[in-house]
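Here is a short briefing on one protein model.

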Amino acid sequence: LTAARLDLAARSSIGSGRDARTENQDNYLVIDTDGMASYLANQVPVRRRVAGWPQGHARVAVLDGMGGHGHGREAAEAAVAGLLHLPAFTQCDALARALDAGATLPIALCGGLAAPLRPYLPPALLARVVPVRGDSAAGALRLIRQQLDQQQRT
């Protein structure tokens, strides 16, 4: 078995143009193989060591904002906080149990890693895989519509 090498860079910005936003709602989390985490907190880059992180394990997450809609930054930061508290996993099913203990949520495999990841999923997780219904912007719009519908009913 050959050790993998990974070069990674992360950056996030508020954007520019005629529809400039007042805050950056995007975020990222990179925990390197030495346990150093990089992410944004209150739109400021943070670096800190993750206690107990196993040598050689890495974690990368990209958290796309909600296009300027309410509380997008807070939602992305909450996701980072949750991911910082999850231990390192070597098995997909253990990670899935940690994220959804009741095993009730569907799983959508997205992006360029979807196909390569599929063979590593155990049958119980494969049974929960659903087709992707859109990109992150479509998901944010779906959540906004649900919220507006709920507000109109009350």
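**Strands and pocket at a glance**

Strand β1 (residues 27–31) pairs with β2 in the antiparallel sense, over three bridges. The model is predicted. β2 also pairs with strand β3 (residues 44–49), again in the antiparallel sense, over six bridges. Elsewhere in the briefing, the topic is the largest pocket, with a volume of about 2,500 Å³.

**β1 and β2**
- Val 30 has Ser 38 in β2 as its bridge partner.
- The two strands, β1 and β2, form a hairpin with four residues between them.
- Gly 35 sits in that turn and has a positive phi of about 85°.

**β2 and β3**
- Strand β2 spans residues 36–41 and is mostly covered, with five of its six residues buried.
- Tyr 39 has Val 46 in β3 as its bridge partner.
- β2 and β3 form a hairpin with two residues between them.
- In this turn, Asn 42 has a positive phi of about 55°.

**Largest pocket**
- The largest pocket has a volume of about 2,500 Å³.
- It is lined by 49 residues, and the closest to its centre are Leu 95, Leu 99, Ala 108, Leu 109 and Cys 110.
- Elements that give two or more residues to the lining are β4 (59–63), α1 (72–85), α2 (92–99), α3 (114–117) and α5 (136–153).
- α5 gives the largest share of the lining, six residues.
- By type, the lining residues divide into 33 nonpolar, nine polar and seven charged.

Methods: Residues are numbered from 1 along each chain as its sequence is written. This is a predicted model: local features need pLDDT of at least 70, side-chain atom pairs count only at pLDDT 80 or more; totals for chains, interfaces and linings use all residues. Side-chain values use heavy atoms; hydrogens and water are left out. On a 1 Å grid over the protein atoms alone, a cavity is a set of points where a 1.4 Å probe fits but cannot get out, and a pocket is an open set with protein on both sides within 12 Å along at least five of seven lines; lining residues have an atom within 4 Å of a point. Grid points are joined across faces, edges and corners, and a volume is the space filled by probe spheres set on the points. Ala, Val, Leu, Ile, Met, Phe, Trp, Tyr, Cys and Pro count as nonpolar, Asp, Glu, Lys and Arg as charged, and the others, Gly among them, as polar. Buried means under 20% relative accessible area, exposed over 50%, partly exposed in between (1.4 Å probe, protein chains only). Two strands pair if DSSP finds at least two bridges between them.
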